[in-house]
Number of protein chains: 2
Amino acid sequence: MSKIKELFNIQYPIVQGGMIWCSGWRLASAVSNAGGLGLIGAGSMYPDVFQEHITKCKQATDKPFGVNLPLIYPQIDELIKIIVAEKIPIVFTSAGNPKKWTAFLQEKGIKVVHVVSNVKFAKKSEEAGVDAIVAEGFEAGGHNGFEENTTMTLIPQVRKAVNLPLLAAGGIATGSGMLAAMSLGADGVQIGSRFVATKESSAHDNFKNEIIKTQNGDTILAFKKLIPVRLIKNNFTVKVQELQNKGASREQLTELLGKGRAKKGMFEGDLQNGELEIGQISGIITKVEPVETVINSIIIEYNQKLLTLAKL
Amino acid sequence: MSKIKELFNIQYPIVQGGMIWCSGWRLASAVSNAGGLGLIGAGSMYPDVFQEHITKCKQATDKPFGVNLPLIYPQIDELIKIIVAEKIPIVFTSAGNPKKWTAFLQEKGIKVVHVVSNVKFAKKSEEAGVDAIVAEGFEAGGHNGFEENTTMTLIPQVRKAVNLPLLAAGGIATGSGMLAAMSLGADGVQIGSRFVATKESSAHDNFKNEIIKTQNGDTILAFKKLIPVRLIKNNFTVKVQELQNKGASREQLTELLGKGRAKKGMFEGDLQNGELEIGQISGIITKVEPVETVINSIIIEYNQKLLTLAKL
């Protein structure tokens, strides 16, 4: 636990996942101000928008914050230039090969954390020299691994395979969930869904209200053949399933996906035709709250639950 | 935790899952003798074989043991007669409606526990009057729910929805895993895969040796459209996936499945053409050990890990 706090210079080993269309400067700065580590999700930002979020985040907090950078981002060189120029201390990379940028960023004094969904990539990340790993389970919202490893089974297997500081992600929204993750061998957690349903997230209010209505069983891992993504079930996911059940090709699925589905759903609030990326644990989220309330309640529940656990 | 120990009159809140072809009297009595609750898996037994296992289990232990009874079993009336005549104290039911048999069994003084994979059926089980619930996640081996709820997200949601004693299942094979389950709100755990890989399980040695070779990512949830079942990947699962990717009908899948696949794989040791039911956590199992060693190591690891968890 202290590994993560020291690595990022934060109070609690809680990282807010960098999520497209949901995690701009307001959310990231609120999480950092509340003692966690906020991340600006660069994946949905053009370079000029990204620059603006960095500038505003710096104005809103004097605590460390980071950036989540999908390595398949088309204008990645431009984002990296901004990250270096702005002396962003921490970069979480995902969806690509950690060998490509890790050494370069570290030479500039930047800590690099890579997100993985299986043991193989956890080992590759360690070989690439990253400072820490996020291991994210099948229950997580948004983009997801092909192997369907759940958090409960992935964390102990990654813990056994690598020695790096390890953040657990996928299915964690409460203090009890965080305590479970630490029991499994994590040094800290990355939380997504719960932070989407905060006042400070940039998700559309329609989406936030949909999250708190979501019940057990209301999400689905869609596009398993193309690029798996966990979404709230809606008209769009029904269409995806119909097409998949007919044995659709990647091309047919890509055509149905089209462009801008994620923005349409999460940022513009089109609940029926957009992609609504959220995790299975959304079924337990019942309120849209300020970030500070969320973090405090996680800490309180964690400490209370810990006191109830007795020796066998 | 004490709820489960009192309900079953056992030393540790650890239940060995009733698993077809793997959990006969040897495994069940060994688990009960080691302080857990052993279950005879009735699903793969004709009534005469079942009777024999009960008789032998009683000879091998004076501790309580139970039976796992899939409610879709064709000769269920005959098995129930044996259960009542033999005064089996505990029955775990699965794969069917808990309303049908719960009251009848309870009138005979038998405790009834129902296995569920979502919140809806947890509530239905509570309405049916069961004594406890097993909530089993997507990572579990063997038959599985359609909704793909993982243990990490299912347990807290079921805990919130029902007041009954709750056993967590799916992805638990070690003391750390058990501690995680208790953190999520479970009162005890049901463990499957780890007990298949014991000296006392009736799994074929080929299957046991295959389990300890299994790495992260080596299982798959097959037959998602028909009746989802988690298996070790082999020639058979490759064929299933090929057929599914072509948009196969339920009839085509049923034909491929054929008869006796589970026996062929798990009991007869045909690793390429049989069904090898195992959970995702098998990637962490590296030895075939006696049951007593397994249970002791779970208890030791649980207690050690608990000591390392600090307040936030």
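This is a predicted model: local features need pLDDT of at least 70, side-chain atom pairs count only at pLDDT 80 or more; totals for chains, interfaces and linings use all residues.
Let's begin with A:Asn9, which is exposed because 12 other C-beta atoms lie within 10 Å of its own, and a residue counts as exposed at 12 or fewer. Most residues other than glycine have a negative phi. A:Asn9 is not a glycine, yet it has a positive phi of about 60 degrees. You can find A:Asn9 in the loop between helix H1 (2-8) and strand S1 (14-16) of chain A.

B:Ala95 has a positive phi of about 55 degrees, although it is not a glycine either. Look for B:Ala95 in the loop that runs between strand S4 (90-94) and helix H5 (102-107) of chain B. B:Ala95 has 14 C-beta neighbours inside 10 Å, so it counts as partly exposed.

## A pair of helices in chain A

Two packed helices are described by the angle between their axes and the distance between the axes. The crossing of H2(A) past H3(A) is right-handed.

Which residues meet here? From H2(A) come A:Trp25, A:Ala28 and A:Ser29, and they meet A:His53, A:Lys56, A:Cys57 and A:Ala60 in H3(A). By class, the residues of this contact between H2(A) and H3(A) are 4 nonpolar, 2 polar and 1 charged.

## The two domains of chain A

Now zoom out to chain A as a whole. Chain A is divided into domain 1 (2-202 + 284-308) and domain 2 (213-281). The C-alpha centres of these two domains of chain A lie 23 Å apart. Their contact takes 20 residues from domain 1 and 14 residues from domain 2.

On the side of domain 1 that touches domain 2, the elements giving two or more residues are strand S7 (142-143) and helix H9 (193-196) of chain A. That side of domain 1 has 9 nonpolar, 10 polar and 1 charged residues.

## Where the chains meet

Finally, how many residues of chain B are in contact with chain A? There are 46 of them, and they are in contact with 46 residues of chain A. On chain B's side, helix H7 (151-161), helix H8 (175-183) and helix H14 (291-308) are the elements that give two or more residues. The side of chain B that touches chain A divides into 19 nonpolar, 20 polar and 7 charged residues.

Notes:
Residues are numbered from 1 along each chain as its sequence is written. Chains are lettered from A and ligands numbered from 1 in the order in which they are written. A crossing is left-handed if the near helix is turned anticlockwise from the far one by less than a right angle, and right-handed if clockwise. Helices (H or I, at least four residues) and strands (E, at least two) are DSSP runs, numbered from the N terminus. Two residues are in contact if their C-beta atoms, placed from the backbone, lie within 7 Å. Ala, Val, Leu, Ile, Met, Phe, Trp, Tyr, Cys and Pro count as nonpolar, Asp, Glu, Lys and Arg as charged, and the others, Gly among them, as polar. A residue is buried if 20 or more other C-beta atoms lie within 10 Å of its own, exposed if 12 or fewer, and partly exposed in between; C-beta atoms are placed from the backbone. Domain bounds come from an automatic or database domain assignment.
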